[in-house]
Amino acid sequence: MRKTSIKDVTFIGSGNVATHLALALHSTGVAIRQVLSREYDHAALLASRVGAQPINRPELLKNNADAYILAVNDDALYDLALDLRLPDALVLHTSGSTPMAVLKPISRCHGVVWSPQTFVRDFAMDYARLPLCIEADSLQSEELIVGLFGRITHNIHRLDFEQRRWAHLAAVMVNNFSNAINALAQDLMLQRGLDFSMLQPLAEATTKKINLGPLWPQQTGPAARHDEKTLDAQRRLLADQPQLLELYNLLTDIIQQR
């Protein structure tokens, strides 16, 4: 039967991504029917916020929802594809690095909704600005996905798997790698009894520079200036931390080569 819109959704998974997508859809009037998680307490916590039924066993999953969102890790997607059969529903996964085709055994109507965003369970988000990257097995599925998530945001991008893989890699660099570097800087400050919060305005200004255009022309610092005296002095500070020194030298070389 051809669906023209999605009125209710079941979530498989109850982590950060599931929590925010469920809350966002629920706020627009979409009914969340069930939340499935291996940990019943986790399912119950999210279900209580969106008026859903919590379950912790796949056999309790009802097959009459319009859509199922599989917000689980990549390995779990392949496991679900072995056992889950929902031929009449729209089935979506939320992974940035898994092909859409993993869902083909589950339903003929399937796709992907992935966001290049970091999700923290209890951190409030402006869903209207949330970027979503979608892929669908057919025009009909795409229309259903856009109709569902267009209730939340208009910041929707159509990417195929190859494009999504590269976008996911870039997102890892922007978020995960930059956070790791900030954490290393925080460690340096704390080890010397310095207040890391003094660098917060710098971090905020660095982020805002994204809105100013291409980033390489905005590069500053001793590496960009080829200030070898400062670079050598900072290398000496890191002499007893070989991994951090290696990272410092690698990033310095990359900046100077640009």
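Helices (H or I, at least four residues) and strands (E, at least two) are DSSP runs, numbered from the N terminus. The model described here is a predicted one, in which local features need pLDDT of at least 70 and side-chain atom pairs count only at pLDDT 80 or more, while totals for chains, interfaces and linings use all residues. Residues are numbered from 1 along each chain as its sequence is written, and side-chain values use heavy atoms, with hydrogens and water left out.

Of its 5 residues, 5 are buried, so E1 is largely enclosed by the rest of the structure. Here, buried means under 20% relative accessible area, exposed means over 50%, and partly exposed lies in between (1.4 Å probe, protein chains only). Asp8, Thr10 and Ile12 point one way from E1, whereas Val9 and Phe11 point the other way. In a regular strand the side chains alternate between the two faces of the sheet.

Asp8 also takes part in a salt bridge, with Arg33 as its partner and 3.3 Å between the closest N and O atoms. Asp8 counts as buried at 11% relative accessibility, and Arg33 counts as partly exposed at 46%. A salt bridge is taken as a side-chain nitrogen of Lys or Arg within 4 Å of a carboxyl oxygen of Asp or Glu, and the structure holds 9 of them.

Other salt bridges are found within helices. Glu162 is joined to Arg165, with the closest N and O atoms 2.9 Å apart. These two residues of helix H5 are 3 residues apart, a separation of about one helical turn. Both are partly exposed, Glu162 at 39% relative accessibility and Arg165 at 41%. In helix H8, Arg235 and Asp232 are likewise 3 residues apart, about one turn of the helix, and form a salt bridge whose closest N and O atoms are 2.9 Å apart. Asp232 counts as partly exposed, at 35% relative accessibility.

Stepping back to the sheet, 8 strands form an open arrangement in the order E3-E2-E1-E4-E5-E6-E7-E8, with mixed pairing. Strand E3 (53-55) and strand E8 (156-158) stand at the edges with a single partner strand each, so one side of each is left without a neighbour in the sheet. On average, neighbouring strands are turned by 25 degrees against each other, direction ignored. Further along the sheet, strand E5 (residues 90-93) pairs with strand E6 (residues 109-114) in the parallel sense over 4 bridges, and Leu92 stands opposite Gly111 in E6.

Helices lie across these strands. Helix H5 lies across E5, E6, strand E7 (132-136) and E8, running at about 25 degrees to E6. For these angles, axes are lines fitted to C-alpha atoms, for helices over the stretch in contact, and angles run from 0 to 180 degrees between N-to-C directions. Contact means heavy atoms within 4.5 Å.

Helix H9 (residues 242-257) has 16 residues and reaches 22 Å from its first C-alpha to its last, close to the 22 Å expected at 1.5 Å a residue; the expected span is 1.5 Å times one less than the number of residues. Its buried residues are Leu244, Tyr248 and Thr252. Seen down the axis of H9, these fall within an arc of 70 degrees, so they line one face of the helix; the arc is that of the directions from the helix axis to the C-beta atoms. Their cover includes helix H5 (161-191), helix H7 (222-225) and helix H8 (228-237). On the other side of H9, Pro242, Gln243, Glu246 and Gln257 are exposed.

Finally, Asn155 is found in the loop between helix H4 (139-149) and E8. This residue is partly exposed, with a relative accessible area of 28%. Leaving aside neighbours within four places in sequence, Asn155 is in contact with Arg129, Leu130, Pro131 and Leu132.

Technical notes:
Two strands pair if DSSP finds at least two bridges between them.
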